[in-house]
Amino acid sequence: MLTVTDLVVKRGARATLDGISLSVPAAGTLAVVGESGAGKSTLIAAILGLLKPATGVITWNGAPVRAARPALVMQEPRAAFNPALSLRRSVMEPIAAQGITLAEGRLERLCAGLELPLDLLDRRPAQVSIGQAQRAGILRALIAAPPLVLFDEPLSALDAVTQKHTARLIAEVQAEEGFAALIVTHDLGYAVAHGDRIMVLKDGQVEETADAQTFALSPRSPYCRALRDAAISLGALGAAA
Amino acid sequence: MTLSVTGLSEIRAGRTILHPTSLEIEPRGRIGLVGSSGSGKSTLGHALIDDLRAQGCSVAHVPQSPDEALDPLRSMAFHWREAEVALGLVPGSADQAGLFRALRIEGGDLRKRPWGWSRGMQQRFVIAMALIGSPDLIVLDEPTSALDPIVAAATMDLLSGFPDGKDTAMILITHDLGLAARRVARLLVMQAGRVVEEGRTADILDRPQTSAARALSAHRNWIALPC
């Protein structure tokens, strides 16, 4: 279980994250939503230990998170890959780095689910579309069967239909392998459809944390209601009939 | 005036990415151009704009990325002035304050260059430039992709309401049928460089005929709220 307690991250004098507490159990999914600048990506960086919190404790089953070898799906799909290496080299890096053997057929099965032709992996990042690079990023994160996966806007570069297919593949792999998932997104529809719980961040603070269905039907704060209504207006959530 | 284009097509590297396509757009028409990535939506949008401009129509274009619309070496004030001059207006005569307020970018510093503004603000600045004057047609290519949901919804409401008392028609290019569903009266569904289905929005949502339209219709929401 991922546990974050009273996390404060400061940039200069300003707190970019101010007293965040959360937990994600194994096989559970927490969706973190909020506007740009709310601190969503900072939260991921803090969990990975990429920046040092001012105060607060972050653990995975009581131990430091790094020991669990968490995987990250990065926000900028092309920038997430070494431009000089083939996608295959980058995707297989977690396997090589951890010295594990890849189960037979795993790569093929994940690629099929992500609608990524296998021969595409022999290209470099610049030779594939942004949407393909994004799915290769998801492939790289899932390949070594990590216990914890952090997703930073994993579907942002995909079209509406591919988004849903990719989200379903992630959920299927999660159901089989039981990783804990923390998904940062500004798409409330995705958050409600695939999160067990939803946490809304605003200006570095937790505005509301709730069960996904409860949140969608009756958000408590005015800001969360505005967010829910915007998602309906944009067609991400089906309107009440 | 009804805008009309015939036989638009595009070939790139020997591959036909847009098969001959004809289109008529009524004054004040609201058309959605939907389809998955790579189906030819933006290509048709560009071909349409070039052809209509060659016919002498005024067409405003909001490209998918603000990078395509803004020169990184010029200030935002320069871009605005250039847009006004291009429309034959006296510089400073457009209702900049009103548009900026409606799009919630009134805090932007016009002396800065595009990269001094956030992505979302750049995109709304480009939308504001498109709303100066009264073009015959505005083509919006994924106008909400860089915006937060609350701002995106407000922007789409503004665009749907525009223009008061003008004949401007609008084409919304998107991969998201959910987004288009409440904004446009007529839909064109594209697949592999062709318009494969065309009709009233409600009809295509309820009774999609082609596989492309069925896929888009089935995936238009993440989840339907049971209330």
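In chain B, six strands make an open sheet of mixed pairing, in the order β4-β5-β6-β3-β7-β8. This is a predicted model: local features need pLDDT of at least 70, side-chain atom pairs count only at pLDDT 80 or more, and totals for chains, interfaces and linings use all residues. Residues are numbered from 1 along each chain as its sequence is written, and chains are lettered from A and ligands numbered from 1 in the order in which they are written.

**The sheet of chain B**

- β4 (59-62) and β8 of chain B stand at the edges with a single partner strand each, so one side of each has no neighbour in the sheet. Strands here are DSSP runs of E of at least two residues, helices are runs of H or I of at least four, and both are numbered from the N terminus. Two strands pair if DSSP finds at least two bridges between them.
- Direction ignored, neighbouring strands of this sheet are turned by 15° against each other on average.
- β3(B) pairs with β6(B) (residues 169-174) in the parallel sense, over five bridges. Here B:Gly32 stands opposite B:Leu172.

**Strand β8 of chain A**

- β8(A) (residues 197-202) is mostly covered, with five of its six residues buried. Buried means that 20 or more other C-beta atoms lie within 10 Å of the residue's own; exposed means 12 or fewer, and partly exposed is in between, with C-beta atoms placed from the backbone.
- β3(A) (residues 29-33) pairs with β8(A) in the parallel sense over four bridges. A:Val32 has A:Met199 as its bridge partner.
- β9(A) (residues 205-211) runs antiparallel to β8(A), joined by six bridges. A:Met199 stands opposite A:Thr209 in β9(A).
- β8(A) and β9(A) form a hairpin with two residues between them. In the turn, A:Asp203 has a positive phi of about 50°.

**Helices α2 and α4 of chain A**

- The axes of α2(A) (residues 87-98) and α4(A) (residues 130-142) come within 7 Å and cross at roughly 30°. Axes are lines fitted to C-alpha atoms, for helices over the stretch in contact, and angles run from 0 to 180 degrees between N-to-C directions.
- The two helices are therefore roughly parallel (angles under 35 degrees).
- A:Leu87, A:Ser90, A:Val91 and A:Pro94 in α2(A) meet A:Ala136, A:Leu139 and A:Arg140 in α4(A). Contact means that C-beta atoms, placed from the backbone, lie within 7 Å.

**Helix α8 of chain B**

- B:Ala212, B:Ala213, B:Ala215 and B:Leu216 are buried in α8(B). Seen down the helix axis, the buried residues fall within an arc of 160°, so they line one face. The arc is that of the directions from the axis to the C-beta atoms.
- B:Ser211 and B:Ala218, on the other side of α8(B), are exposed.
- The cover over the buried residues of α8(B) includes α5 (160-177) of chain A. From chain B it includes β3 (30-34), α6, β7 (186-191), β8 (194-200) and α7 (201-206).

**Where the chains meet**

- The contact takes 27 residues from chain B and 27 residues from chain A.
- On the side of chain B that touches chain A, α5 (149-161), α6 (177-181), α8 (211-218) and β9 (223-224) of chain B give two or more residues. The largest share, five residues, comes from α5(B).
- β10(A) (residues 237-238) and β9(B) pair in the parallel sense over two bridges. A:Leu237 stands opposite B:Ile223.

Notes. Two residues are in contact if their C-beta atoms, placed from the backbone, lie within 7 Å. Angles under 35 degrees count as roughly parallel, over 145 as roughly antiparallel, 65 to 115 as roughly perpendicular and the rest as oblique.
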